[in-house]
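Got your viewer open and your selection tool ready? Let's take a short walk, one stop at a time.

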Amino acid sequence: MTGDIIETKECQLKDPMDLFHSGQVVKICAPMVRYSKLAFRTLVRKYNCDLCYTPMIVAADFVRSAKARDSEFTTNKGDHPLIVQFAAKEAQVLCDAARIICPFADGIDLNCGCPQRWAISEGYGACLINKPELVKDMVRHVRSQINNPKFSVSIKIRIHEDLKRTVDLCQKAEAAGVSWITVHGRSIEERHQPVHYDAIKIIKQSMSIPIVANGDIKTLKDAENVHHMTEADGIMVARGLLANPAMFAGYEETPFQCIQDWVDIALEHGTPFTCFHHHLMYMMERITSKQEKKVFNVLSSTSAVLDYLNDHYGV
């Protein structure tokens, strides 16, 4: 964190809310465990992504340990606007994390949507949608303790079976000063079921702050359709961007230039091999044959991957 982060002090932090006031739908890269790190954020920003999130960081570890801060968070002066997503269950811990991150990022997001068992058993993630008073308290605390009015405080949620409860949660968060709310249109139990875009629309119509729609958006056309269905102010994409980081620029599948850009950026950032390789596996999923995948997916070194790309694609 330290080497990269010093640069950031020289750069002008941005007000993410300006994006929502631009009149355009805001195109957002989701917080993805292991994947939405600095190198990948750098790549998607080249292809019309407006706003990027870090992977979820456990706020208590981040506050307690310099080692956790160094391994979990890196940024640089081109990496803006940037939202750091935290898992937290105590208002003061979230405030302490926000205070540490404030000079280097443009806002924080409280994860109220992660359905993984470990997160829920620790009191993090999606279980928070059932604790609206706690969410409200956490938002209010950060708002009162961070004295930069441009620093955003957002939440990312899933929906309840009874949508009235979700609307109530959102209205409480809005009253506490939340900047915007991202809604993944599934309940905690739902994994691959269709996304309830109608629910996102009802939430949007019940609020006066921006609402971001999330869930099963794989192409720019999907993003446009979801915007029309939900009237959301922003569209957040996860797997669709992994498969095609150039999606927001209108490409139907990953262009070779994007693969070349990833190789250059990843090598420049010293991206670990597994991460470097996995991103390429996602990007090349739609453009390689089964036979090619069998060969490419078992390559075990950066030099082997580079040789393969050069031999087969001239990258």
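Keep in mind that this is a predicted model. Start by selecting Ala238: skipping its neighbours within four places in sequence, Ala238 is in contact with Ala30 and Met32. You'll find Ala238 in the loop between strand 9 (234-237) and helix 12 (239-243). Ala238 has a relative accessible area of 23%, so it counts as partly exposed.

Now jump to His184, which sits in strand 7 (residues 181-184). Is His184 buried or exposed? It's buried, because its relative accessible area is 11%, and the cut-off for buried is under 20%. Leaving out neighbours within four places in sequence, the contacts of His184 are Lys156, Ile157, Arg158, Ile159, Asn214 and Gly215.

What links these two stops? The unreviewed UniProt entry has a "binding site" annotation covering Pro31, Met32, Val33, Gln85, His184, Ala238 and Arg239. Select that set, and you'll see that Pro31, Met32, Val33, Gln85, His184, Ala238 and Arg239 are in the lining of the largest pocket.

Next, some helices. Show helix 13 (residues 256-269) and helix 14 (residues 273-284): they pack at an angle of about 170 degrees, with axes 11 Å apart. Helix 13 and helix 14 are therefore roughly antiparallel. Residues making this contact include Trp262 of helix 13 and Phe276 of helix 14. By class, the contact of helix 13 with helix 14 has nine nonpolar residues, one polar and no charged.

Last stop: helix 10 (residues 197-205) and helix 11 (residues 220-230), whose axes come within 8 Å and cross at roughly 50 degrees. That makes helix 10 oblique to helix 11. Here Tyr197, Ile200, Lys201 and Lys204 in helix 10 meet Val226, Met229 and Thr230 in helix 11.

Terms used:
Residues numbered from 1 in each chain as written. Predicted model: local features only at pLDDT ≥ 70, side-chain atom pairs only at ≥ 80, totals over all residues. Heavy atoms only, no water. Axes fitted to C-alpha atoms, helices over the stretch in contact; angles between N-to-C directions. Helix = DSSP H or I, 4+ residues; strand = E, 2+ residues; numbered from the N terminus. Parallel < 35°, antiparallel > 145°, perpendicular 65-115°, else oblique. Contact = heavy atoms within 4.5 Å. Nonpolar A, V, L, I, M, F, W, Y, C, P; charged D, E, K, R; others polar. UniProt positions renumbered as here; feature names shortened; annotations may be inferred. 1 Å grid on protein atoms, 1.4 Å probe; cavity = no way out; pocket = protein on both sides within 12 Å on 5 of 7 lines; lining within 4 Å. Buried < 20%, exposed > 50% of the residue type's maximum accessible area, 1.4 Å probe, protein only.
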